[in-house]
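Good morning, colleagues. I would ask you to bring up the sequence and the model, and to follow along as I speak.

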Amino acid sequence: MAELSPTIDILKTFIVEHRWWIRFSIGVFSLHFLYNKITQPPASLRHIPHADFFALIKAIRKHKQIDDIAHEITFPTVANSTHGLYARFDNLGWTVHVTDPGIVKTILKSDAFPKSVNSIHTRRGTLAGRLLLGPNILFLSGEQWKNQRKVINPAFHRSMPVQIFGRVTQKMLNTMETEMKSDHDNDDVKPIDVHDISQRWALDVLGESAFGFQFNALDSNGEDNEWVTRYNHIVQSAQKPLYFLLPSIERQFKSWIPERRKAHQELSKFLDMMSSIADHKRQALLNKKASSLDKNDHEKDLLTLMVEAEHEGQGRLTDEEFLSNLSVFFLAGHETTAAAVSFAIYYLAVHPEIQQKAREEVLGIFGDDPHDILPTLEQTRELDYINRVIKETLRMDPPAVSMVARTATKDTELSGVFIPKGTRLTVDVYELHRNPRIWNNPNQFDPERFAPGGEAEQLSATGLPWVAFSNGARTCIGMSFSLLEQRVSLSMLLRKYEWSLPEDSIHKDKILTSGVGVIKPKDLFIKFTKRY
Ligand code: HEM
């Protein structure tokens with residue numbers, strides 16, 4: 001011991017004398033380590049091609065849209081690989097993106113890739129986290145997910161409120177008519193902001209059919225409706241590139257940044273509004289006052305059916321779980337369908353021959369009397385061509401462009417590529433649907449791909465080439481609901497209007513989109529001409 005003390009003294013003196021250099025070196029080393037950790041994939045994933053970190057950040061900072069990012073950065077990255085895997089820095093860190101139908105099938109159909117718990121932790125306390133992450137069916141895995149899906153499933157299977165879809169669509173047609181009336185003295189009609197009207201329509205449909213609640217978004221100009229304005233404000237703030245990509249900045253500093261503080265206050269008010277819907281609904285049902293209890297299943301809202309499923313012993317959701325699922329239904333249930341219908345309107349506008357063919361099918365089923373009709377469930381089942389249009393639209397522009405991240409629970413191989421345990425993976429829906437190695441002329445809109453025996457059917461031998469609603473056990477629970485909503489609204493629109501892009505449209509060359517995670521058309525104005 002006595003021999004060591006001079007050495008320790010020398011060391012102490014050295015540290016004190018050189019403390020600034022030592023701190024500086026530790027700082028530089030840490031920064032270097034952090035820089036490498038963020039800008040390069042971890043060593044365990046270096047054998048997989050990766051998208052350039054700085055090119056991606058630059059593109060996101062410049063609000064580049066998804067197809068530009070795909071064509072300039074990610075397609076070239078994956079083009080040289082035979083397996084269709086590439087790594088990319090996402091808001092959860094480095095993640096492997098899957099663009100091959102065979103691997104997509106392996107991931108979605110197997111229990112070995114549950115949803116990533118990390119996706120919840122990383123965004124806890126952020127806007128997106130507070131709005132969506134919680135004990136809900138979209139993010140949970142394993143037994144907890146199974147228990148919830150058991151309560152929620154019957155509601156989605158029993159409820160096909162086609163009459164509500166028709167009535168709300170009729171209201172949308174009336175609102176469009178009012179909004180189209182020009183304020184000038186000439187006969188010009190004003191083009192309609194298609195995504196704005198679709199969003200208000202989808203919200204009102206969801207309110208009535210899922211929550212038994214009137215959002216009244218179609219009654220007013222969207223800007224005056226507190227649900228629409230508050231929700232849009234929150235989503236726009238959540239998608240700001242800096243906070244989206246680096247959620248830790250938001251978690252640590254949100255109370256110091258006034259704009260962030262304001263967005264969080266808006267979110268608190270929004271969640272309170274949601275909570276009051278949930279409380280009201282449960283209380284009303286407990287007191288058996290809800291008039292919907294006497295309706296038949298097709299006309300009951302989803303929440304009523306969920307509470308009934310609980311009463312029938314299918315399981316029970318806690319208040320927190322009920323509210324958390326309500327937020328998921330709100331977002332997943334209106335934003336995606338509104339985008340899907342808007343994209344379909346765009347593709348029909350730029351392909352008048354396809355629009356006409358779709359209209360002929362509609363007139364053949366519903367007739368051509370000069371007044372609005374309310375489709376029945378049986379009639380909507382005959383809409384084969386409209387179905388193809390909807391599926392092709394969802395191939396070209398799937399609103400959910402990628403899925404919630406999954407985690408590899410053990411070391412494994414995908415198409416001969418080693419994937420270490422713990423790797424985060426996501427299905428890159430957009431790139432799968434636009435992959436030229438899978439689809440012929442993927443950028444061309446062609447509903448015939450989905451005809452019986454067509455390209456889509458042939459490709460199904462390779463795995464899952466079309467996953468707009470996912471597939472397997474975690475398939476979108478609202479898929480049939482949304483497809484029916486789309487069939488009803490497109491049929492009613494095609495009967496009443498013909499439409500085209502205005503001459504000066506910003507979408508003349510291609511559809512411009514906005515959004516990350518969920519995409520939608522950007523400022524899409526369409527000229528509608530009445531048929532009756
Ligand atoms: C065009 C419309 C829609 C699209 C493109 C769409 C897309 C998707 C996708 C891709 C998933 C899988 C997410 C993942 O596992 O990572 C999903 C799941 C889900 N969707 Fe949809 N969706 C749509 C409409 C709806 C509607 C109308 C509702 C509800 C009213 C809904 C509720 C849900 C829920 C609750 C899940 C989670 C299911 C589970 O994991 O068990 N979606 N959706």
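Predicted model: local features only at pLDDT ≥ 70, side-chain atom pairs only at ≥ 80, totals over all residues.

An N or O atom in the side chain of Lys115 lies 2.7 Å from an oxygen atom of the ligand. A polar backbone atom of Val404 is 2.8 Å from an oxygen atom of the ligand, and Arg406 brings a polar side-chain atom to 3.1 Å from a ligand oxygen. As for secondary structure, helix 8 (142-158), helix 16 (319-350) and helix 22 are the elements that contribute two or more residues to the shell around the ligand. Helix 16 supplies the largest share, seven residues.

The shell as a whole has 28 residues, of which Lys115, Trp145, Arg149, Val404 and Cys476 come nearest to the ligand. Sorted by class, 17 residues of the shell are nonpolar, seven are polar and four are charged.

Which residue is the only protein donor of the iron atom of the ligand? It is Cys476, through its SG atom, at 2.3 Å. Cys476 sits in the loop that lies between helix 21 (455-459) and helix 22 (479-496).

Three strands make up an open, antiparallel sheet, in the order 3-11-8. Its edge strands, strand 3 (192-193) and strand 8 (497-500), each pair on one side only. Strand 8 is joined to strand 11 (residues 525-530) by four bridges, and the two run antiparallel. Within this pairing, Glu498 has Thr529 of strand 11 as its bridge partner.

Notes. Residues numbered from 1 in each chain as written. Heavy atoms only, no water. Donors = N, O, S within 2.8 Å, 3.2 Å for Na, K, Ca; no water. Near = heavy atom within 4 Å. Polar contact = N/O pair within 3.5 Å; in protein donor to acceptor, adjacent residues only side chain to side chain. Nonpolar A, V, L, I, M, F, W, Y, C, P; charged D, E, K, R; others polar. Pairing = 2+ DSSP bridges.
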